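Q: I would like to learn how to read domains and contact surfaces from a model. Could we go through them step by step?

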Amino acid sequence: MSTTTPPPSEVSLRRGDVVRLWPEGLDGLIGVLRDMGYDVKGPTVRDGAIVPGRLDGAHDLPVGWRDEQSPGRYAVHWANDELAFSWAVGPGSWKAEFFPAAQVQWHAERHGDTYRFNESVESLRPLAIVGARPCELAALDVLDRVLRDGALPDPRYVARRDGAFVVVVECARPASTCFCSSMGAGPGIEGGFDLALTELSDADGHRYLVRIGSERGALAIARVDHEQGLDVDRAARVIQLDASVVGMTRQLETDGLAELLVRNQENPRWLDVAERCLSCANCTLVCPTCFCSDVHDTTDVTGAVTRNRTWSSCFDLDHSFLHGGPVRASSSSRYRQWMTHKLSTWWDQFDTSGCVGCGRCITWCPVGIDITDEAKAIGRSDRALAVGRSR
Amino acid sequence: MTPAVHRVVERREETRDVTTLMLEPVEGPRLAFRPGQFNMLTAFGVGEVAISVSGAPREEGPLRHTVRDVGAVSHALCQRQVGDLVGVRGPFGSDWRVSPDCAPGPILDVHDVVVIAGGIGLAPLRGAVHELVARSHETGGRVFVLVGARDPSQVVYHDDLEAWDREGAVVLVTVDRGTPEWRGRVGLVTALLADAGFDPSSTAALICGPEIMMRFSARALVDSGVDASRILVSLERNMQCGLGWCGHCQLGPFLLCRDGPVVPYSGVVSTLLNERER
């Protein structure tokens, strides 16, 4: 028996091809990715929220679940249908897979009269994400610029990120807090994935339109039962994405926003938001692009030293600590730092916005502070001040 | 990125709370650096802090850092004795643009260079002054070293100040608070500018010290006619990695470990120095 000639389906698929997958095919895809050696993760329902978790099959996905989100509020409910991706992003982002909340950087043991170091870079099975949202891929692109693409890449991030297989699923049901269309980060996606799925459900049945974005994506799909992509599915996708954009009621005006914030650092609006902000750091912990970390050493009785890195937040008083005390002591200065960095100075540092419009910071703010509202308020105040200055 | 293990080969107590550590690598050659850059120094088991290199590239001998005891890690570093180990990562950041191997800048084109240091702010400037004084012998340019300290006991590097004076630099020292023995000047460092005698039309300046002192010094220089783009300041924020990953050293558009610490006192920097809690 010849093993050199692959079945016809394996040679017929290429990057850029479009196929149709029935729901059973999604289960098959998860199995194929596991067979290819990937650690397969995706959205799961846990503790009343849709969060990243391990996938053994399509049954682990949030099939039949919906979410409801508004400023300061999140809930999931059971809708008892076949849709697996009819929800928006939850509190957990894929950031934690590539940049874990706590990580050892190195360990050093006493060796004679000096130290011997062991740089800690885990060798893990490569990750396959099935069910990342377009805004989450945009967020990983932002993180890549910080931790991978600079002059000094973080080897731990690179080890996890390189080789990761990404199946993105376009958004059909944005939350009330979503504004990715303002940030150019969704609800559709055109590149940067191995496979892009659009979940369709209409008179033609419950199915997935699959666009192949890489050669390994083509290899994976070739091993799953699939059909040729149909124009009717392409048309249904366009209609669904248009509806998603229309359904996204929140918006952020990005034209001139970076300059607006830089010239309004002394705007009284920062004092107004500080009256509401608890400096709890929820927004930075749910944010898929916030990358700040603390570095701290621990030791043991043998004199060995471990250097640890943990997520931190610019809302912490210690974040700006300089001999003598914090530079940003007031809540207003810390909120100003966070929002100005996210929407303005991120461009100077990394040539991109630090915000992808996922809306997590709005949903998970215990007092419902809305970054889009705050930006609008600064804009209104800026115009009022400009009128004042012109008189 | 793991630290290179160094051994303390000499230590000098500069003031009550300031110690200079001379470090030699346990393995390999001395780290190359440019004046103005910093290293991350580890007191093993305690932690790591950013400390400017205070040596001069053209000086032979060990790597020099001057540390002020202000927190847990800097305290542990100041307590290190000859023979003890210190970890070194670096060097990181931008330099004072004082020599051809530095980043291009305004210093090499002017006749006079004014160096203004507040307290331990002289530490990151020390290597630059060494370079400038040596260069002035070749170019005929002048170097002015203006030092301000809280009181006479806080003046560091007496030997260097005397040596620079002997070698032709104009060295002026002032203190905020005199003592009965003090025969020098009392007043702000900006008051020294008027007496220094530099030519503002061909002057560059390097400033390091508390932010308020840098703000007033830079303003005074601009008011006296020095081009703002020829003024360099060394800015400081919390630094935990030196690699641009940890986010602590943000100041407006800068990640200071990467884009600083030395930056031109241009529009954006002068604005930042005038805004509260940046």
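**Domains and contacts**

A: We can begin with the domains: in this predicted model, the assignment for chain A gives domain 1, made of 8-94 + 120-247, and domain 2, made of 257-292 + 315-390.

Q: How many Å separate the centres of domain 1 and domain 2 of chain A?

A: Taken over C-alpha atoms, the centres of these two domains of chain A are separated by 30 Å. Contact is a separate matter, judged here by C-beta atoms that lie within 7 Å, and on that basis 26 residues of domain 1 of chain A are in contact with 23 residues of domain 2 of chain A.

Q: Which elements each supply at least two residues of the side of domain 1 of chain A that touches domain 2 of chain A?

A: In chain A these are strand S5 (73-78), helix H4 (134-147) and helix H6 (180-183), and H4(A) gives the most to that side, with nine residues. By class, this side of domain 1 of chain A has 18 nonpolar, five polar and three charged residues.

Q: How many residues does the contact take from chain A and from chain B?

A: The contact between the chains takes 35 residues from chain A and 28 residues from chain B. On the side of chain A that touches chain B, strand S7 (114-119), H4, strand S13 (293-299), strand S15 (321-322) and helix H12 (331-350) of chain A each supply at least two residues, with the largest share, six residues, coming from S13(A).

Q: How do the residues of the side of chain A that touches chain B divide by class?

A: That side of chain A divides into 14 nonpolar, 14 polar and seven charged residues.

Technical notes:
Residues numbered from 1 in each chain as written. Chains lettered and ligands numbered in written order. Predicted model: local features only at pLDDT ≥ 70, side-chain atom pairs only at ≥ 80, totals over all residues. Domains from an automatic or database assignment. Contact = placed C-beta atoms within 7 Å. Helix = DSSP H or I, 4+ residues; strand = E, 2+ residues; numbered from the N terminus. Nonpolar A, V, L, I, M, F, W, Y, C, P; charged D, E, K, R; others polar.
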